[in-house]
Amino acid sequence: MASTHPGRQGIAATTRPARPWEDYLAQHHTDPAKVSLADARRRFEQQPRVLAMLAHTFDPYELSVYQAGEATYVGLYWRIALIGDALITTDGRLLFPASDSVADRFRFLNEACGYLRSLRSSARLCAVAIA
């Protein structure tokens with residue numbers, strides 16, 4: 001039986017680009033009395049592409065990365081798999097994104113990957129998961 005799940009490419013082909021969550025959140029922050037957080041979320045989630053993402057288990061709060069294309073989406077996630085949410089350097093610096101924006105996440109992940117590439121080949125990495 002063929003799958004009816006449209007996947008990323010099917011959603012992109014059948015819906016118009018959507019405005020990212022950050023646009024709606026900015027409206028709320030600009031005038032919270034006029035646009036409540038719940039109103040901002042409702043407006044964001046009413047967009048056809050966002051609804052399609054919700055229906056097919058994609059995270060709509062990653063809309064910017066999703067709309068940037070498959071290579072960008074994959075590029076983000078291989079970096080996250082390698083680096084995680086933060087990196088402590090051998091000299092004790094803590095590297096982490098400046099905000100939750102996709103651009104800041106990419107800046108952090110690219111800096112962290114660059115740091116790892118600069119290490120000696122004999123260096124060892126240690127991953128820690130904090131629940």
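**Helix packing and pockets in the predicted model**

Thr 72, Gly 75, Leu 76, Trp 78, Arg 79, Ile 80, Leu 82 and Ile 83 of helix 6 are in contact with Arg 105, Phe 106, Phe 108, Leu 109, Asn 110, Ala 112, Cys 113 and Leu 116 of helix 7. By class, this contact between helix 6 and helix 7 comprises 11 nonpolar, 3 polar and 2 charged residues. The structure described here is a predicted model. Two packed helices are described by the angle between their axes and the distance between those axes. For helix 6 and helix 7, the angle is about 55° and the axes lie 10 Å apart. The two helices are therefore oblique to each other, and helix 6 passes helix 7 in a left-handed crossing.

A further packed pair is formed by helix 2 and helix 3, the latter spanning residues 37-45. The axes of helix 2 and helix 3 come within 9 Å and cross at roughly 155°. Because angles over 145 degrees count as roughly antiparallel, helix 2 is assigned as roughly antiparallel to helix 3. The crossing of helix 2 past helix 3 is right-handed. On the side of helix 2, the contact is made by Trp 21, Tyr 24, Leu 25, Gln 27 and His 28, and on the side of helix 3 by Leu 37, Ala 40, Arg 41, Arg 43 and Phe 44. The residues of this contact divide into 6 nonpolar, 2 polar and 2 charged.

The largest pocket has a volume of about 550 Å³. Its lining consists of 20 residues, of which Ala 86, Leu 87, Ile 88, Cys 126 and Ala 127 lie nearest the centre of the pocket. The elements giving two or more residues to this lining are helix 6 (70-83), strand 1 (87-88) and helix 7 (102-118); helix 6 and helix 7 are also the pair that packs at about 55°. In terms of residue class, the lining of the largest pocket contains 15 nonpolar, 3 polar and 2 charged residues.

Helix 2 (21-30) and helix 7 are the elements that give two or more residues to its lining, and the largest share, 3 residues, comes from helix 2. By class, the lining of the second largest pocket divides into 4 nonpolar, 2 polar and 3 charged residues.

Notes
Residues numbered from 1 in each chain as written. Predicted model: local features only at pLDDT ≥ 70, side-chain atom pairs only at ≥ 80, totals over all residues. Heavy atoms only, no water. 1 Å grid on protein atoms, 1.4 Å probe; cavity = no way out; pocket = protein on both sides within 12 Å on 5 of 7 lines; lining within 4 Å. Points joined across faces, edges and corners; volume = space filled by probe spheres on them. Helix = DSSP H or I, 4+ residues; strand = E, 2+ residues; numbered from the N terminus. Nonpolar A, V, L, I, M, F, W, Y, C, P; charged D, E, K, R; others polar. Axes fitted to C-alpha atoms, helices over the stretch in contact; angles between N-to-C directions. Parallel < 35°, antiparallel > 145°, perpendicular 65-115°, else oblique. Left-handed = near helix turned anticlockwise from the far one by under 90°. Contact = heavy atoms within 4.5 Å.
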